[in-house]
Amino acid sequence: MKESPEDAEVPVPPPRDCLKCVMDSYGAPAPSGDSFNPMKFFLQPQVILRLVGILCAIIVFGTIADGVYDNGVCAIYNDGDDHVCEYGIGIGVIGFLACLAFLVIDFLFVRQSSAEMRKYMVLADLAFSGLWALMWFIGFCYLTDRWRNTNTSFRRFTSHVKNNAQAAIAFSFFSVVVWVAIAVFAVLRFRKGQGQPDLSESYQQPPFTGERSEAPQYQPPVY
């Protein structure tokens with residue numbers, strides 16, 4: 001006997017609340033065919049913080065590389081401690097490159113349909129942001145301690161050099177705040193995505209299974 005269309009199984013759509021959570025997985029909507037909106041992208045909190053982090057990193061490694069060396073020696077921080085200058089330049093350059101990399105990840109994030117892949121992106125952001133907030137805090141303490149213990153002979157340096165040294169310390173502190181804020185937003189995005197299904201793996205049933213469904217038995221009404 002030929003199977004009628006009414007007897008074939010029809011895929012059950014996901015619940016309304018489930019669709020809502022998938023459409024807003026890990027703090028971003030599901031991918032769409034809309035063109036890229038630069039204004040909407042750059043107004044995201046984590047993107048704004050990364051841009052501020054880039055600015056702080058440039059100021060830190062730029063001021064140290066440009067103004068605190070004397071004849072190739074990091075002279076203004078504790079009279080020749082090259083390690084403090086190398087540390088400040090190192091965390092600044094790596095922080096700068098990391099911000100650029102995560103900006104690219106933010107750009108690709110909304111185009112990623114897999115909730116599992118979004119989860120890994122957010123976890124990577126959270127782990128690195130927490131680590132780099134700690135590295136900036138160590139750098140701030142390191143620079144501050146060496147500046148405090150600098151010999152009085154630093155008066156031979158010009159005000160430009162002194163301002164560079166102090167700017168590196170100040171923007172190291174600002175970088176701590178920025179990276180902590182980025183980590184906090186990553187935590188919020190991660191918590192928002194917990195328990196949400198993956199649209200790429202769920203509710204992908206074939207239109208017809210080819211199996212005849214059992215018709216419900218007729219129950220006579222009880223009077």
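A salt bridge here is a side-chain nitrogen of Lys or Arg within 4 Å of a carboxyl oxygen of Asp or Glu. The model is predicted, so local features need pLDDT of at least 70 and side-chain atom pairs count only at pLDDT 80 or more, while totals for chains, interfaces and linings use all residues. Residues are numbered from 1 along each chain as its sequence is written, and side-chain values use heavy atoms, leaving out hydrogens and water.

Asp145 also meets the side chain of Arg148 in a salt bridge (2.8 Å, N to O). Both Asp145 and Arg148 sit in helix α5 (residues 115-148), 3 residues apart, about one turn of the helix. Helices are DSSP runs of H or I with at least four residues, strands are runs of E with at least two, and both are numbered from the N terminus. Asp145 counts as partly exposed because its relative accessibility is 26%, and Arg148 counts as exposed at 61%. For these words, buried means under 20% relative accessible area, exposed means over 50%, and partly exposed lies in between (1.4 Å probe, protein chains only).

The structure holds 5 salt bridges.

## A nonpolar patch

Now for the surface. Phe36, Phe42, Leu51, Val104, Phe107 and Leu108 form a nonpolar patch there, with about 490 Å² of accessible area together. Patches take residues with over 30% relative accessible area and no salt bridge; like charges are joined within 9 Å, and nonpolar side chains (Val, Leu, Ile, Met, Phe, Trp, Tyr) within 5 Å. The areas come from the Shrake-Rupley method with a 1.4 Å probe, and for residues only the protein chains shown count as cover.

Helix α4 (residues 82-109) gives the patch its largest share, 3 residues. Phe36 lies in the loop between β2 (28-29) and α2 (38-42), and Phe36 counts as partly exposed because its relative accessibility is 35%.
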